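Please read it alongside the sequence and the coordinates.

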Amino acid sequence: RGEGKRLEREERRGERGLEERRCTEGLRNLVGVGLEGEREGKGREGMKRKMRRLVGLVALATLALATPGVEAQLLSDLAEAAENLLVRPLEAAWDATFGKAPDAAGTVYLELLPNATETGALCLDGSPAGYWFRKGWGDGKDKWLVFLEGGGWCFNEQDCYERSKTILGSSKQWAQTRSDRSSQIFSADPKENPDFYNWNLVDVAYCDGASFSGNVAEPITVNGEEIYFRGKNILEATVWHLKYGKGMTFATDVVLAGCSAGGLATLLHADWFETRLGPSVKNYKAISFSGFFPDTPNFQGEPWYPSVMKYVYEMQQVDIHSPGCLADNMNEQYKCFFAQNQYRHIKTPVFLANSVYDMYTISVIYNVSQQTIPENENNLVVPYLNDKSRSLWDLISWTGTWWAGKNGGFLHTCFTHCAGCLTDSGWSGVKVDGMSLRDYLGLWLRNQVARTREPCVYTLGEPFQCNPTCPPL
């Protein structure tokens with residue numbers, strides 16, 4: 001009986017030794033392939049072989065760790081082989097996609113949203129919505145600037161029909177590439193744009209006519225053609241595509257920005273947008289360029305702008321995620337479509353870049369131009385504009401939002417629109433207390449105090465402009 005037990009023990013040791021030798025031999029063979037790195041070949045079949053070997057590595061690694069007697073050096077080689085087969089190719093693929101600096105022109109490339117019909121991400125004419133994209137690189141490859149374009153609104157059904165025949169309502173004539181997103185906040189030059197130059201740039205095309213906010217399930221018919229109000233669907237589908245098609249799911253820093261109607265959209269949707277981001281995002285902020293349009297009568301005393309925006313709100317069934325604002329305006333929720341009401345409820349760290357003499361506001365909302373002001377009332381224009389500039393300052397500064405430590409702003413007096421994203425001087429040339437918009441934004445991004453003081457007012461005679469760094473009137 002004792003002799004039988006001894007033989008049984010020797011047999012088990014022999015089997016274990018054979019198991020160790022087989023494991024070691026298998027690991028050596030597979031590790032050799034991994035260390036060589038190129039034996040699998042290229043293309044689809046090469047990838048399949050590489051994946052099979054990778055699965056084998058994982059299985060054998062599990063066995064090796066559980067098997068006594070496997071050499072330490074072999075385990076080290078195993079780790080290196082796994083790196084060759086998996087980690088290095090992934091890093092190479094990531095760098096190929098996100099790691100190279102753009103061409104000198106900073107060209108952006110069009111991406112039309114896939115499955116637009118199924119997701120409802122449609123322009124006014126039913127064509128697919130989309131965006132222009134430029135990859136980030138270096139330490140900016142995990143940082144994202146998502147910019148919402150502007151272009152006014154369509155104020156009724158016929159207006160939206162006519163708009164659907166333009167690039168503001170259809171993607172059919174959008175350029176495949178654009179080089180006009182290469183300066184100011186879009187610049188890939190670290191000297192011109194030190195904070196965002198190497199970030200992933202997403203320039204979301206505007207084609208819904210309601211600040212990315214419409215939410216009508218079925219198209220309407222105008223002049224025998226279908227018109228779609230799907231702005232919120234466009235925003236939702238864009239975020240999804242960026243996360244799962246472009247790598248934004250790995251983002252660490254995200255800034256949502258926009259100009260004009262896109263600047264208003266930024267204020268309307270900043271808090272909602274954050275809910276769509278992944279857990280990897282550590283820093284999220286919003287910048288509104290020229291998006292603060294006041295709810296006010298015009299020079300002639302007519303409430304034109306409030307009335308047309310209320311109609312847009314109802315026509316497109318505007319969808320705004322702002323519980324505080326909607327509760328404050330329970331019986332008039334359309335008022336949340338106005339920046340002055342939405343701004344005070346924003347939870348997202350927000351930066352306002354706005355002129356208190358904004359060109360669009362003066363010419364369209366106030367209805368002040370050479371064609372609309374009688375000659376005998378010319379002397380009333382500057383006092384009227386000064387009064388409106390004070391009112392705008394009050395609307396902004398009398399809120400807790402303006403003074404909150406996490407927020408910032410650059411309020412100036414230039415007769416411009418979208419300065420900083422469309423006009424060069426507004427980015428670095430215009431100064432308030434010796435600093436430019438670019439300077440204030442840099443401080444704000446670093447969580448430092450970054451807001452301008454109360455703006456000056458125009459003089460009653462020439463040169464009118466009270467800030468000599470602004471472009472001449």
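Among contacts in the protein chain between residues at least 6 apart in sequence, 76% join residues at least 24 apart, a contact being defined by heavy atoms within 4.5 Å. The model is predicted, so local features need pLDDT of at least 70 and side-chain atom pairs count only at pLDDT 80 or more, whereas totals for chains, interfaces and linings use all residues. Residues are numbered from 1 along each chain as its sequence is written, and side-chain values use heavy atoms, with hydrogens and water left out.

**Overall composition**

- The protein chain has 15 helices and 13 strands; helices (H or I, at least four residues) and strands (E, at least two) are DSSP runs, numbered from the N terminus.
- Of the 473 residues of the protein chain, 51% count as buried, where buried means under 20% relative accessible area, exposed over 50%, and partly exposed in between (1.4 Å probe, protein chains only).

**The sheet**

- An open sheet with mixed pairing is formed by nine strands, in the order S4-S1-S2-S5-S3-S8-S9-S10-S11; two strands pair if DSSP finds at least two bridges between them.
- Strand S4 (177–178) and strand S11 (408–412) are the edge strands, and each pairs on one side only.
- Four bridges connect strand S1 (residues 108–112) with strand S2 (residues 130–134) in the antiparallel sense. Leu112 has Gly130 as its bridge partner in S2.
- Helix H7 (residues 261–275) packs on the sheet and touches strand S3 (143–148), strand S8 (253–259), strand S9 (283–289) and strand S10 (350–355). The direction of H7 makes about 150° with that of S8; axes are lines fitted to C-alpha atoms, for helices over the stretch in contact, and angles run from 0 to 180 degrees between N-to-C directions.

**Packing of H6 and H7**

- Two packed helices are described by the angle between their axes and the distance between the axes.
- For helix H6 (residues 231–245) and H7, the angle is about 35° and the axes are 12 Å apart.
- The crossing of H6 and H7 is right-handed, a term that applies if the near helix is turned clockwise from the far one by less than a right angle, and left-handed if anticlockwise.
- H6 contributes Lys232, Leu235, Glu236 and Val239 to the contact, and H7 contributes His269, Trp272 and Phe273.
- These contact residues divide into four nonpolar, one polar and two charged. In this scheme Ala, Val, Leu, Ile, Met, Phe, Trp, Tyr, Cys and Pro count as nonpolar, Asp, Glu, Lys and Arg as charged, and the others, Gly among them, as polar.

**Disulfides**

- The structure holds six disulfides, each being a pair of cysteine sulfur atoms within 2.5 Å.
- With the bonded cysteines of the protein chain numbered in sequence order, the pairing reads 1-4, 2-3, 5-9, 6-7, 8-12, 10-11.
- Cys259 is joined to Cys418 with an S to S distance of 1.5 Å, and this link is right-handed, with 90° about the S-S bond. The pair links distant parts of the chain, 159 residues apart: Cys259 lies in strand S8, and Cys418 in the loop between S11 and helix H14 (425–429). Cys259 is buried at a relative accessible area of 4%, and Cys418 is buried at 1%.
- Cys325 is joined to Cys336 at 2.2 Å from S to S, in a left-handed link with -115° about the S-S bond.
- Cys414 and Cys470 form a disulfide with sulfur atoms 2.0 Å apart; the link is left-handed, with -85° about the S-S bond. Cys414 is in the loop between S11 and H14, and Cys470 is in the segment after helix H15 (437–445), 56 residues away. Both cysteines, Cys414 and Cys470, are buried.

**Backbone details**

- Glu462 and Pro463 are joined by a cis peptide bond with omega of about 10°; Pro463 is in the segment after H15.
- Asn115, a residue other than glycine, has a positive phi near 55°. Asn115 is in the loop between S1 and helix H4 (116–119) and counts as exposed, at 53% relative accessibility.
- Asp433 also has a positive phi, about 55°, although it is not a glycine; Asp433 lies in the loop between strand S12 (431–432) and strand S13 (435–436).
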